[in-house]
Amino acid sequence: MAKVWVLGAGQLGAMLQQAAYPLAVEVTALPPEQEALPEIAPQDWVTVEREQWPDTPMTRHLAEQPGFLNRDVLYRIADRLYQKQMLDELGIATAPWCNVDEQAHAESIHQQLGEDVLLKRRQGGYDGKGQFWLYQDQGDEIPGDWLGAAIAEKKIPFTEELSLIGARDSQGNTVFYPLTLNLHRNGILMASVAPLGRVAALQSQAEAMLGKILDAANYVGVMAMECFRVGDTLMVNELAPRVHNSGHWTQAGACVSQFEMHLRAVAQLPIKAPEVRGQSVMINVIGIERNTQWMTVPATQCYWYGKDVRPGRKVGHININHPEKSAVKAALADLRPLLPENYGEVIDWVLEHLP
Ligand code: ATP
Ligand code: MG
Ligand code: MG
């Protein structure tokens with residue numbers, strides 16, 4: 001049986017394991033802190049479910065394996081400075097930016113990037129952590145410990161946020177899911193809608209961008225490209241070289257989920273353009289206890305990650321999928337009273353964008 005070792009043992013690793021079963025691929029998710037090191041055969045594959053990892057005996061062991069995929073590009077993408085340089089080198093539109101070096105001054109950064117600038121730590125940021133807004137009219141200064149450890153980005157007055165999930169196999173074939181519309185609040189993904197007829201016109205532009213990145217990196221597996229839509233053009237916000245939260249809807253809404261697609265590519269099984277079925281919506285469950293009543297709502301799949309509940313922490317997600325949009329809307333109506341009040345705004349946003 002083909003064996004795939006996954007660096008990282010969070011919910012993404014668990015969902016890769018779930019997807020592996022029908023492929024008869026054995027997936028083992030490995031926490032970076034685990035002390036017992038597995039014996040990995042030369043023909044086994046090693047992939048990742050996280051962008052950053054601490055330097056531990058386990059992560060060193062995994063990175064040394066001959067089957068460790070995408071080594072160079074993983075290291076580049078893990079550092080926003082190198083990621084942005086890579087996008088610039090490839091001529092891919094991205095938010096204008098500059099490096100925040102040890103000598104950086106707010107004044108010169110505003111001169112270059114405008115009044116409102118978003119500082120992002122080069123490493124380790126996720127769910128909007130590791131961000132700092134620098135407002136010229138408030139006279140904000142760059143915090144000392146961000147000097148030499150961050151990039152600065154121009155504030156993009158985007159219309160909306162879209163992401164594209166794509167996969168590439170080792171022969172260079174690429175496949176893509178339809179663009180996904182995403183709602184973020186406080187830097188964290190709240191909900192996704194896909195497919196969406198009105199953004200179909202942007203699909204080929206998005207595929208050309210991500211296709212170029214995948215090819216340039218000789219990448220194998222699933223990669224997500226988060227974009228801002230400004231008018232009719234897309235601008236890359238960031239890349240995630242792994243399965244991605246905005247692709248969770250594919251578990252319900254595509255014949256091959258992003259998790260299975262990743263494993264197919266990694267384990268040298270055929271990939272194919274995923275047929276998409278019906279309308280999908282994904283609602284993230286953030287920082288709240290599970291309500292088992294969610295499980296009674298028609299047209300839903302409920303994922304609960306079994307993590308401790310903490311404010312702002314992703315602890316589960318609910319996929320809604322149905323051939324009829326009216327049934328998706330009915331599911332949202334059923335869920336509304338079963339979710340905390342702050343989800344009212346999220347459900348309203350989804351309804352507003354459901355065609
Ligand atoms: P993730 O959990 O997706 O990895 P992250 O912490 O890596 O998040 P980003 O994706 O870079 O952070 O930013 C989070 C959100 O902040 C974006 O989805 C967007 O809503 C907002 N944002 C990021 N960059 C900009 C920008 N240049 N202008 C305006 N808003 C931005
Ligand atoms: Mg990120
Ligand atoms: Mg992001």
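This report walks through the domains, sheets and ligand surroundings of a predicted model.

## Before you start

Residues are counted from 1 along each chain as its sequence is written, while chains are lettered from A and ligands numbered from 1 in the order in which they are written. Since the model is predicted, local features need pLDDT of at least 70 and side-chain atom pairs count only at pLDDT 80 or more, whereas totals for chains, interfaces and linings use all residues.

## The overall division

The protein chain is split into domain 1 (2-77), domain 2 (96-154) and domain 3 (160-353); such bounds come from an automatic or database domain assignment. UniProt, in an unreviewed entry, places the feature "domain: ATP-grasp" at residues 84-267. UniProt positions follow the numbering used here, feature names are shortened, and annotations may be inferred rather than shown by experiment.

Over residues 84-267, the chain is 22% helix and 34% strand, with the end C-alpha atoms 29 Å apart. Helices (H or I, at least four residues) and strands (E, at least two) are DSSP runs, numbered from the N terminus.

## A parallel sheet and its helix

Let's begin with an open sheet of three strands. Its order is E2-E1-E3, and the pairing is parallel; two strands pair if DSSP finds at least two bridges between them. Strand E2 (25-30) and strand E3 (45-48) stand at the edges with a single partner strand each, so one side of each has no neighbour in the sheet. On average, neighbouring strands here are turned by 25° against each other, direction ignored. Axes are lines fitted to C-alpha atoms, for helices over the stretch in contact, and angles run from 0 to 180 degrees between N-to-C directions.

Strand E1 (residues 2-7) runs parallel to E3, and four bridges join the two. You can find Leu7 opposite Val48 in E3. Helix H1 (residues 11-20) lies across E1 and E2, running at about 170° to E2.

## Where domain 1 meets domain 3

The C-alpha centres of domain 1 and domain 3 are 23 Å apart. Their contact takes 23 residues from domain 1 and 19 residues from domain 3; two residues are in contact if their C-beta atoms, placed from the backbone, lie within 7 Å.

Which elements give two or more residues to the side of domain 1 that touches domain 3? They are E1, H1, E2, E3 and helix H3 (71-77). The largest share, seven residues, comes from H1. By class, this side of domain 1 has 16 nonpolar, four polar and three charged residues. Here Ala, Val, Leu, Ile, Met, Phe, Trp, Tyr, Cys and Pro count as nonpolar, Asp, Glu, Lys and Arg as charged, and the others, Gly among them, as polar.

## An antiparallel sheet

Next comes an open sheet of four strands, ordered E4-E7-E5-E6 with antiparallel pairing. Strand E4 (97-100) and strand E6 (131-135) are the edge strands, each pairing on one side only. Neighbouring strands of this sheet are turned by 25° against each other on average, direction ignored.

E5 and strand E7 (residues 150-154) are joined in the antiparallel sense over five bridges, and Lys120 stands opposite Ile151 in E7. Helix H4 (residues 80-89) packs on the sheet, where it touches E4, E5 and E7, and its direction makes about 45° with that of E7. E5 also pairs with E6 in the antiparallel sense, over five bridges. Leu119 is a handy landmark: its opposite residue in E6 is Phe132, and its bridge partner in E7 is Ala152.

## Strands E8, E10 and E11

Strand E8 (residues 160-168) and strand E10 (residues 180-185) form an antiparallel pair over three bridges, with Glu161 opposite Asn182 in E10. E10 also pairs with strand E11 (residues 188-194) in the antiparallel sense, over five bridges. In E11, Ser192 is the bridge partner of Asn182.

The hairpin of E10 and E11 has two residues between the strands, and Asn186 there takes a positive phi near 50°.

## Around ligand 1

Where does ligand 1 lie? Domain 2 (96-154) and domain 3 (160-353) both give residues to the shell around ligand 1, so it lies between them. Of the 18 residues around ligand 1, Ala95, Gly125, Glu153, Ile156 and His184 come nearest; a residue is near a molecule or strand if its C-beta atom, placed from the backbone, lies within 6 Å of it.

Strand E5 (116-121) and strand E13 (233-240) are the elements that give two or more residues to this shell. By class, the shell has four nonpolar, six polar and eight charged residues.
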